[in-house]
Each structure stands twice: as C-alpha cells, then as structure tokens.
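Let us take a friendly walk through a protein model, stopping at a few places along the way. Keep the sequence and the 3D view open as you read.

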Amino acid sequence: EIDDPFEFYHDYAKNTTSRPVCYKSDSDESSKQERSPGILLILEAENTSVNLEDVDALKDILTGVLEEEGLTVVSTEVAQSVDSRAFVSIILQEGYVVARTVPEHNYVGFDIHFWSSFHKQEGVKVSLLAAVKGERKASSSFRIIAGGMFGKSTWKDDEKRRGPGSTEGCDTTDDGVSYKAKQVSINKAFAEMTILVDGSELKALVLCGDDMTTCESNSDVLKEKDNIGQVVNVGCSMVKDFNRFGENAEEILDSCMNHLAETIEMSVEKDGLFNVIIIDSTANKFTASVFARTFKDLYDTYDVLEKGKFIILSAVADESDEWRGNFLKSFKEKVLLSDPSVYVEVALYGTADDDFKLLLVSEHGDIVNELKVVTKLVERTTGLESEVRLINGGLWLMQENFQASHPYSPDDYDQVSPLEQWKSQHPLGLQVISQMESEKLLSKFVLRASLERATAGDDSIEIREYDDLGDGCVFMATWSKGGVFVLWDGRKHVDVNLFGYDSDVSSVESFLKWFQRGTALKTALYDEHPRGFGRVVSYQHDSDRHNDPHWA
C-alpha cells in the first residue's frame, strides 16, 4: 500500500493545448457542409442465447430494434457464410449495421457505422446486445473515427450533436494565462513561495535591472516575511539602454559581471550563503545572462547557495518575459543539474489584468506535496487561482555498483489470471478499416470498377449498390469467408471495411492494392484488428492453442 501517492513524482506537464468546448451564441450557422465524419462502433456480443441459426428471424429482430431506436431502414440482406455462419447486413439512412453470426460459439460480431444521428449509436449498441441476449460483462466494444456522407438533410443538427457538448459561451472563461499581471500580486506570490525553503532568517538575493528604486520597492513585501532575515538587491546600472551591437558592448557586460561577482562574494563572506534568489521584473535578459555566467563561475569555485535550502523565483508577466523560463531551465541544467533539483511553472489567474506565470527552481525531494500547500497560501494572499503546469526534475543520480534488494522476475507475479484470459481468446477473423483520400473528386462508377477489380476471380460475388443515402453511396459484397463495405462520402473520401474469416495480412494487402490500382486513392488511415470472442486482442497467427505463451 502506498502511503504517499506523490512520493515518486519526478516530471509532470499539464496539457494546455486543448481549448475549452463552447458555443458561440452570436455566430451564424454555416450554409455549406465542409466535412462529413462518421463513427464506426465495433461490438463483440458474446454468450448470446438467441437462436442464431434462424437467420431470417434474427434479421427481423435486428430490423425491429433499429426502427424502435428511430432509425430508417433502407434495405436488409442475408448471406450464408461457412458452416452455419451468416452475414446480416442492414442499410440505414443514418448508416449501416452488419451482424456476423457464429452459432457454434454463441457469438455475434457487429459493425455499427453511422454518418448521421450519432447520438443514437450508444442506445443502438445496448439494444442490439439485448436483442441477441448477449452477456454484458463478457461483451466488449470500441469506436473508430471514420468517413461519413455528404448531402444529408440532417447535417446541421449532426454538427451540433457531434463531440462533447457545452452550454457555456466561448467568451465566459479561458484556460489560458493572458500574462497581464499586477506587480503587487507577483511580489506577494514571491514572498509566499519562500515557505518552500525550511528555516527562518533566510537570506535573499534580488537581481534588479537599471531601476533600483522600483526593484527595492518590489522587495518590501519580501522583507516583511517572518522567515526572511536579509534581502540583498544587486543590479547593473551600466546596462541601462544597453546595445549588444555597440562598440563597447563587451566592456559593459564584463563590467556588469565583475560588479555582480564582487557584490555577491562580499555578501557571502560577510553574512553567509543565500537561500532565495529572485529575478525581479525590472531585470532584463542581458543582466540575467551576465548573472547566470557570474553565478556559475562562483558556484563552481565555492558555495553560494545553502545546499538543499534555496529557491530561485521569477515570473512571466507578459509575452516579452518568456526568456525568464528559458533562463531558469538553463540555470537548473547547468548549475544544479542532478536530482533533487526541480523546475516548476505555476499559472496564476484571476481578473483580466492579473494573470501571470510563476517560475521556480529549487532542490526539493517532495515538491508535489509542498506545492499543494504553498499554492493554497498564494491563492489566499493574492486572491488568484493557481494551477501547476509543469514539473521538471533533475538528472537521475548515478548509483555506482547498484544491486537491487530483490530483483523481480516473471515468477514473482501471478500469471493465472492473464493466462486464463489469453486462453479464453478465440480470434475468428481479421478486420481492416482502410480510409482513403483522393485529390480529385471521385464517382460511384470509379469505385464500383475498383471493387469489381479487387473481387475479380470469384464469379459468385455479387456487388450491391445503395446510392440513395446522400451525395455518396455504399457498396456491399459478401463471399463465403468474408465481406466488404465500401463507403464513399460523395467527395474525396472512401472507407473500405474489409472482413475475412481466417484472413491474413497478405490477402488484405492484395485486396487493397487491386482496389487502389488505376485510381488517385491514397491510404490516409489504416486500422487492423482481430475479431472473435473471449475479449479477443490476439491475432490468429499469434494464438497457439497447443502451447502456453513464453511468459506463462
């Protein structure tokens, strides 16, 4: 049992790239359909108790269920497969449903492909499973984002329903940090973050810019903290209006470096090591760069920071401050380097003019739990909300001649349950969903010719076409050991849903190769998976029923 779930946290990053889902109340509905996605739901119905050998009765049951769910049935087809197996295909205005029955194993494999009325798909899944009296715990399902159908009259409604919904306006909240900060909030946050350093009478170093008066004013909040004993403000007045391309640029930087080195050395010799370093808002990147070089030289020579009892702080108040993050990261990597050094970013946001990002570097073995406490104090003091965005630990420490106290092998783990699940898997066939794109507009004549070419050599295969479903069409073909559905969206996208009992990859590749030959179709997405029962995830060629797997 784990006492502290955060004990071994080393790195963490908040994904801030996803924008919040919202609606624009004042936006006009588009009058032109730009895209038409579809969703293919794969359902494995296991331990069914309905009579699967009476295929016509099963067709009527499934058709009735779909109509009860509010779907429009266009056509139904039944095709016999090997032994007593069969394919039941139901074409809908909203999509199509395929049921592959295997009576000897009480199994039905469903494909539920919708290009409209997506909100009904989950209800259809539940109803179909109930219709074949499948065992819910044994059955499984997953979804694939696929192609759809242009030209459906319901496309505007489908557009609104597709994906996660929201009743929140786009202009109400925003997860981003606008970087418009009041300096007083930054100063308060700096002061509270010093609590991360244990002890009292801490010594702080504040790196200022050329405006020493403002910098010293910013430090007043820090001086009022009970745990701060001394604050030393350092800066380089000679860097004011600095031009890095000027003739005396190098002399100015050398002068700044010497000044900082002398000031820091004198302070350390007189009053001891530093515990807090703050890169003030008045400091610019030239001063900070010189400070980093100075500090590294000093740090390599003798102690400047109290080991394990220090923190370095800065803040990004607007976009021009982004260099501060790079500065602190570089400081951690070049000066501190190894664990328990850590770089942290904390977003603080409230009103529109009070957002900023707090940056810190420290040596801390329990940074997550400490951040949970100190960020609450920052929230209380500033009135802002906080969110830890990034934790980046140092390099792992090398342990010479390391020997584990107890090396674990497969024998230390219980293999009974995994082996039982592995043996319960019975893959029956292979399914491939190949999504293709063309740079040119396609036609049903081109696609029919492609399907005829791919199925040539078997005169028993009959291709059925359904072209009254929208701008595109659906082709269906079945044979004794498999079948294929080809969906054209009416523009440039084609889905090939290919299934075969005892199929292998080479036969699938051959089919798709012949289908694409002579066309501009290129494979855009490709999904391949076994179909069967026993919560199957293993391919037929990987399932040796006569021998246990190597890990058992």
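## Before we start

Please keep in mind that the model is predicted.

Most residues other than glycine have a negative phi, and most peptide bonds are trans. With that in mind, look at E201 again. Its phi is near 55°, a positive value in a residue that is not glycine. Is E201 buried or exposed? The cut-off for exposed is over 50% relative accessible area, and E201, at 58% relative accessibility, counts as exposed.

N401 also has a positive phi, of about 50°, although N401 is not a glycine. You will find N401 in the loop between β14 (385–393) and α11 (416–424). With a relative accessible area of 73%, N401 is exposed.

## A cis peptide bond

Now move to D339 and P340. The peptide bond that joins D339 and P340 is cis, with omega at about 10°. P340 lies in the loop between α9 (323–336) and β12 (341–349).

## Strands β8 and β9

Next, find strand β8, residues 202–207, and strand β9. The two run parallel and are joined by six bridges. As one example of who faces whom, V206 stands opposite N233 in β9.

How many of the seven residues of β9 are buried? The number is five, so strand β9, which covers residues 228–234, is mostly covered.

## Helices α4 and α10

Two packed helices are described by the angle between their axes and the distance between the axes. The crossing of α4 past α10 is right-handed.

Which residues meet here? From α4 come S185, K188, A189, E192 and M193, and from α10 come L371, V374, L377, V378, T381 and T382. Sorted by class, this contact has six nonpolar, three polar and two charged residues.

Four bridges pair β16 with strand β17 (residues 473–479) in the antiparallel sense. Within this pair, I463 stands opposite A477 in β17.

## Aromatic rings

A pair of aromatic rings is described by the distance of the centres and the angle of the planes. In this model the count comes to nine aromatic pairs. Take F499 and Y501: the ring centres are 4.9 Å apart and the planes stand at 85°, so this pair is edge-to-face.

Ring pairs also link F87 with F499 and Y501 into a cluster. Are F499 and Y501 buried or exposed? F499 is buried, with a relative accessible area of 3%, and Y501 counts as buried too, at 4% relative accessibility.

## Two buried helix residues

V65 is found in helix α1, residues 55–68, and is buried, with a relative accessible area of 12%. The C-alpha atoms of V65 and V124 are separated by 7.8 Å, although these residues are 59 residues apart along the chain. Leaving aside neighbours within four places in sequence, V65 is in contact with S127, L128 and A131.

S450 lies in helix α12, residues 444–454. Its relative accessible area is 0%, so S450 is buried. Which residues does S450 contact, leaving aside neighbours within four places in sequence? They are W514, F515 and T519.

Terms used
Residues numbered from 1 in each chain as written. Predicted model: local features only at pLDDT ≥ 70, side-chain atom pairs only at ≥ 80, totals over all residues. Heavy atoms only, no water. Buried < 20%, exposed > 50% of the residue type's maximum accessible area, 1.4 Å probe, protein only. Pairing = 2+ DSSP bridges. Left-handed = near helix turned anticlockwise from the far one by under 90°. Contact = heavy atoms within 4.5 Å. Nonpolar A, V, L, I, M, F, W, Y, C, P; charged D, E, K, R; others polar. Phe/Tyr/Trp six-rings, centres within 6.5 Å; stacked < 30°, edge-to-face > 60°.
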